[in-house]
Amino acid sequence: MRLPDINPTERDTVLAKQRELLARCFHPTGGWMEFPRPETIPSLVGYFEEQAARYADRPAVSYKGRVLSYDQLNRAANRVAHALLAALGDDAEPIPMLMHESVDMIVALWGILKAGKFYVPLSPFDPAARQAQILADLAARALIADPETLADARAIAAPSAARVFLPQELHDGGSEENPDVEIAHDAYAYIIFTSGSTGKPKGVIVDRPDVLFFAGTAANTFHLCPEDRLGVLGALTFSGPYPQIYGGLLTGGCLCLYDMHCEDECGLTAWLRNERITYASSVPSLFRRLVEVAGPDDRFPDLRLIGIGGDRLYRADLERVQALIEPGCIIRHSLGLSEVKHLTMGFWDRETRSDTPIPPVGYPIEGIEIMIMDEQGHEAPPGEIGELWVKGRYMSPGYWHRPDLTAAAYTRDPANPDLRIYRTGDLGMFRPDGRLQLAGRADSQLKLAGQRVELSEIEAALGGLPGVNLAAAVARQATDGPVVHAYVVPADGTRLTIEEVRRQMAERVPAYMLPARITLLAAMPLNNNGKVDRKALAPIGDERPALETPYVVPRTPVEAEVAAIWQAVMSLDAVGVNDRFLALGGQSLQATRIAGRILDAFQVDLPAGRLFDAPTVAEMAALIVQQQAARMDPDAIERLLAALEASGSHDDSQNL
């Protein structure tokens, strides 16, 4: 680890404090994996099988009351491996998994690796068109689904006649012995598909030495041990959970899964406490939601470490989480990419304060060198902003079937051919204390809900909608991070509405890629070269969108209060009682905030998910009245009914 020599005294002081904080969360039996030279790293599968024998009876993975021990997980994975080998042979090939987070998914993951193949997680919540596009790019001969995704899996597999396996088919029968498969030292482990600059998803390849190196980094840095219960809160389609999954299972810990897509986030606080989670890691947006739903008495005495990464962290986010943790708990803030799992780490306790609105992301990890480069490709002077280039031995081999992208992003180090250099596209600088401070992106890429997104992919999806002539997407800075504003020019003679654009986009892109605001333009501003002049696209203000639904003023005090809450949270100047939450551009974090303010205002607990069951102000107000009525005496109910009857005489057709 080479640190910039800006202010050695300040750097050494901060480094000493960082080491002190980290030491406070050490476990005496944790941290054991060593990697003296890359060629001496044993196989990933071999490491896991050693742990399965060493910790045979200890719990390995847990979800919704189903627990597998290390021995049971290993035997189940062996059955999957033998079934895949019998059906497909022993060639290295991609095996997509269209599955919800579950014990079966972890079994399938290890079964695929044991068969000498590599897995590709597909999100069940992505549009079918995106899933099919990835499957076609992989030319996969098979994929694994679960009962809930079986119909979708068969539909996307039909054009290529790929075989669809259910976990039970792979588990039934077959040998439980470790398969004897010759696997290359640098074989692939998995591929994660991220947003691509051409409007097409790109697959980031991760090989097995990468996995072992970063698993060892997590194990040694965080002192992972068999007593750890690691909360896996992110989907496998995102890089965030992998240090826990591999670092945990290669040190004897227990993975505890929580499916954020299917579980009510309001139950997360109880789950963390009841499962006695010791290490939880996710993106800042999840911890924002955790803080929103946590009560004043919520405490997590078993948590020794919280990891936050994958997206921009603000000082306000850090302070909210600090207020929630116990004195012995440490917060790990890191910078990581799909191409390089961990670049930096920084540590905070309850009392440590950031002196900048965006806290620094810490120091480079061992084995990674970060260089700040100017536009000419030379190292920028200390303290100046430039692009982050990463040098090291362990990083992605490149992009699946995209040698052009690989060549553009990766080069060999001229001074040491064993090392490679990756151009991240992130901007930043080294502070006087040697910590890295981020300063945005060098291109149009940004992080939305912890996922890396190319604005061009959003534009490509918008431009491909029926009735759209031209579209542009622009990142705007909001209180909680970047949001996307979309500008759409309808085709001549087409009657296009914002609701229709949003509905069609929801069928084509994941929810986190839906623009927060959409506006329809008669013409797109162009520059002298005929390209879209994005600087001329004015930010969309706080005006209520021009919806098909007529504006209707609140008719009761409850509706007025609910509408006011929606307006404040969504930064709109008006909300009609029949306006739909999603049509207004509502997003998950806003849903959580609305639920919290409803609880404060009415002492009624409406989970954030109810915004999708009761998606208008009128429907939400009716739910509030119902819950309040259930607690009232008969006389009060009569008065409430009389008030509601009187309000029915109001003119509810007042439009803007």
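Which residues line the largest cavity?

Author: The model is a predicted one, in which local features need pLDDT of at least 70, side-chain atom pairs count only at pLDDT 80 or more, and totals for chains, interfaces and linings use all residues. Residues are numbered from 1 along each chain as its sequence is written, and side-chain values use heavy atoms, with hydrogens and water left out.

The lining of the largest cavity consists of Y190, V206, V211, F214, A215, Y242, P243, Y246 and K341. A cavity is, on a 1 Å grid over the protein atoms alone, a set of points where a 1.4 Å probe fits but cannot get out, and lining residues have an atom within 4 Å of a point. The space in the largest cavity is about 60 Å³, and the structure has three cavities of 30 Å³ or more. For these volumes, grid points are joined across faces, edges and corners, and the space is that filled by probe spheres set on the points. Two elements, α8 (208-222) and α9 (242-249), each give two or more residues to the lining of the largest cavity. Helices (H or I, at least four residues) and strands (E, at least two) are DSSP runs, numbered from the N terminus. By class, the lining has eight nonpolar residues, one charged residue and no polar residue; Ala, Val, Leu, Ile, Met, Phe, Trp, Tyr, Cys and Pro count as nonpolar, Asp, Glu, Lys and Arg as charged, and the others, Gly among them, as polar.

H342 lies in the loop between β13 (330-335) and β14 (344-348). Leaving aside neighbours within four places in sequence, H342 is in contact (heavy atoms within 4.5 Å) with F214, P243, R332, S334, L335, G336, I365 and I368. H342 is buried, with a relative accessible area of 5%; buried means under 20% relative accessible area, exposed over 50%, and partly exposed in between (1.4 Å probe, protein chains only).

In the loop between α8 and β9 (229-232) stands H223, which has a positive phi of about 55° although it is not a glycine. H223 is buried as well, at a relative accessible area of 17%.

Elsewhere, Q603, in the loop between α17 (588-602) and α18 (610-613), likewise has a positive phi of about 55° without being a glycine. R289, in helix α11 (residues 284-293), is buried with a relative accessible area of 16%. The C-alpha atoms of R289 and A591 are 9.6 Å apart in space, although the two residues are 302 apart in sequence.

As for the whole, the protein has 20 helices and 26 strands, and buried residues make up 57% of its 656 residues. Among contacts between residues at least 6 apart in sequence, 68% join residues at least 24 apart. The average pLDDT (the predictor's confidence in each residue, from 0 to 100) is 85, and 89% of the residues score at least 70. Over residues 649-656, however, the pLDDT is below 50, and this stretch has nine contacts in the model beyond near neighbours in sequence. Where pLDDT is low, the predicted coordinates should not be read in detail.

How values were computed. On a 1 Å grid over the protein atoms alone, a cavity is a set of points where a 1.4 Å probe fits but cannot get out, and a pocket is an open set with protein on both sides within 12 Å along at least five of seven lines; lining residues have an atom within 4 Å of a point.
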